[in-house]
Amino acid sequence: MKKTALAVAMAALAPVVMAAPTTEEMWETIQKQQREIERLKAQSKQTDAKIEATASAVERGGNSGWSSKTSIGGYGEHHFNHFKDKDDQVDAHRFVVYIGHEFTDTIRFFSEVELEHSLAGDGKPGEVELEQAFIQWDYAQNHNVTIGQFLIPVGILNETHEPDTFYGTERNNVEGRIVPTTWWETGVMLGGEILPGLTYNLAVHSGLEIPVPPSSSAFAIRSGRQKSAEANAEDLAYTARIKYTGISGLELAATAQQQQDVTQGALPGEDAEGTLLQAHARYSIAGVTLTAFAAQWDIDGDTFELAGADEQEGAYLEASYKITPKLGVFVRQSEWDMRAGGSADTEIEQVTAGVNYWLHERVVLKADIVDHKPPSGTATDNDGFNLGVGWSF
């Protein structure tokens with residue numbers, strides 16, 4: 001009986017004994033398990049690295065967080081111009097897009113791209129222009145440096161020219177032809193606050209290249225803007241501005257600029273050094289705003305002097321009143337002379353009066369009339385009226 005039971009037990013254990021792994025098989029199994037453990041460890045490290053990189057990108061506004069650091073804006077305006085002595089005109093005057101990005105709390109980028117007059121290209125009236133593209137770095141508290149392509153710190157409209165911020169359908173001619181707005185250059189500019197309400201700008205940048213005879217636009221300051229388009233930079237320019245806004249409603253500012261040669265060497269043997277001086281005062285109280293503005297160029301060289309273009313100047317006075325938060329009226333008296341150095345009567349006078357109606361604080365409808373007085377002996381003038389719509393965001 002015992003023998004039979006032992007035989008049965010051994011028979012039952014036989015498959016287990018026969019199936020027991022050898023030492024080599026056990027070692028191979030252990031090695032496979034070790035390799036799997038190492039693979040899982042490596043995979044875990046890769047996952048941790050990806051999580052860390054993603055978190056870092058979000059923190060610095062990178063791949064997963066750029067949108068929170070990037071801003072988009074712009075402005076535009078459409079005009080209807082009726083003239084007494086020439087054809088009426090409808091114009092999609094400007095369409096502008098801003099793109100900015102904040103890399104850190106102290107480093108930022110800003111750009112401005114503009115399409116003028118709706119169509120650009122060969123034989124078309126408009127242009128596509130890069131007006132601004134710069135990096136600004138706050139290198140110290142209340143002080144910064146701007147590097148790239150920026151608007152020159154001069155006048156009122158040159159830096160703030162969105163249509164909802166000024167009166168009149170068209171920008172005033174004094175700032176347009178004498179300053180000349182809109183004016184940008186490429187260079188380096190320091191800026192900051194000296195005292196509460198007292199700010200400064202110091203810039204070195206590319207200069208003008210004013211056309212000379214036989215060009216049809218000879219001596220015109222506005223035609224000298226090179227717009228940073230492969231600009232001739234043989235002779236640079238230097239600009240300094242001081243501005244005070246420490247009293248509520250008051251703005252006082254003065255700009256001085258020195259151009260080494262406003263023709264970039266187009267007049268061999270002549271020193272066409274140019275100096276621009278500009279100042280303005282603006283005061284607002286109880287809906288009334290009064291503005292006084294003046295600018296003057298003094299340019300060396302016999303060629304400019306013989307043409308009377310060695311002195312070019314302009315000034316205007318403007319009074320406006322906001323009857324309600326949405327409705328405002330204005331009147332502006334302007335005078336400018338692009339041949340003030342000569343003996344002939346070349347001064348142009350203009351009175352513009354009109355109304356602005358803000359559908360929204362950044363959407364404005366405009367209407368104005370123009371009384372234009374050209375120099376004596378000029379057959380045509382630009383009397384008429386203008387209508388416009390403008391916006392910014």
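This is a predicted model: local features need pLDDT of at least 70, side-chain atom pairs count only at pLDDT 80 or more; totals for chains, interfaces and linings use all residues.
Close-up 1. The side chains of Glu129 and Lys227 meet in a salt bridge, with N and O at 2.5 Å. Glu129 belongs to strand E4, whereas Lys227 sits in the loop between strand E7 (198-205) and strand E8 (237-244), so this pair ties together parts of the chain that are 98 residues apart in sequence.

Close-up 2. Arg108 forms a salt bridge with Asp138, and the closest N and O atoms of the two residues are 2.5 Å apart. The pair links distant parts of the chain, since Arg108 is in strand E3 (residues 107-116) and Asp138 is in strand E4 (residues 127-140), 30 residues apart. Arg108 counts as partly exposed, with a relative accessibility of 23%, and Asp138 likewise counts as partly exposed, with a value of 24%. By the rule used here, the model has a count of seven salt bridges.

Close-up 3. A salt bridge is formed by Glu318 with Arg332, whose closest N and O atoms are 2.6 Å apart. Glu318 counts as buried at 9% relative accessibility, and Arg332 counts as buried at 4%. Elsewhere in the model, salt bridges that share partners join Glu77, Arg94 and Glu114 into one network. Returning to the two strands, E12 and E13 pair in the antiparallel sense over 10 bridges, and a hairpin joins E12 to E13 through four residues. Within this pairing, Arg332 in E13 is the bridge partner of Glu318, the residue with which Arg332 also forms the salt bridge. E13 pairs in turn with strand E14 (residues 348-360), again in the antiparallel sense and over 10 bridges, with Gln333 standing opposite Val351 in E14.

**Close-up 4. Strand E11 and its two faces.** In a regular strand the side chains alternate between the two faces of the sheet. E11 runs antiparallel to strand E10 (residues 274-285), to which 12 bridges join it, and Ile285 stands opposite Val288 in E11. The hairpin of E10 and E11 has two residues between the strands, and in this hairpin Ala286 takes a positive phi near 55°. E11 also runs antiparallel to E12, and 11 bridges join these two strands, with Ala295 standing opposite Gly314 in E12.

**Close-up 5. The largest nonpolar core, seen around Phe293.** The largest nonpolar core has 30 residues, and those with the most contacts inside it are Trp183, Ile210, Val262, Phe293, Trp297, Ile299 and Phe304. Strand E11 (residues 288-299) gives the most to this core, with four residues. When neighbours within four places in sequence are left aside, Phe293 is in contact with several residues, among them Gly155, Ile156, Val174, Val179, His280, Gly314 and Tyr316.

Close-up 6. Phe103, Ile107, Ile135, Trp137, Tyr139, Leu190 and Leu202 make a nonpolar surface patch of about 600 Å². Strand E4 gives the most to the patch, with three residues. Leu202, another residue of the patch, is found in strand E7 and counts as partly exposed, with a relative accessibility of 45%.

**Close-up 7. Gln141 in the loop between E4 and E5.** Gln141 has its place in the loop between E4 and strand E5 (143-151). Gln141 has a relative accessible area of 71%, and because exposed means over 50%, this residue is exposed. Although Gln141 and Gly192 are 51 residues apart in sequence, their C-alpha atoms are 8.7 Å apart in space.

Definitions and conventions
Residues are numbered from 1 along each chain as its sequence is written. Side-chain values use heavy atoms; hydrogens and water are left out. A salt bridge is a side-chain nitrogen of Lys or Arg within 4 Å of a carboxyl oxygen of Asp or Glu. Buried means under 20% relative accessible area, exposed over 50%, partly exposed in between (1.4 Å probe, protein chains only). Patches are made of residues with over 30% relative accessible area and no salt bridge: like charges are joined within 9 Å, nonpolar side chains (Val, Leu, Ile, Met, Phe, Trp, Tyr) within 5 Å. Accessible areas come from the Shrake-Rupley method with a 1.4 Å probe; for residues, only the protein chains shown count as cover. Two strands pair if DSSP finds at least two bridges between them. A nonpolar core is a set of buried Ala, Val, Leu, Ile, Met, Phe, Trp, Tyr and Cys residues joined through side-chain atoms within 4.5 Å. Contact means heavy atoms within 4.5 Å.
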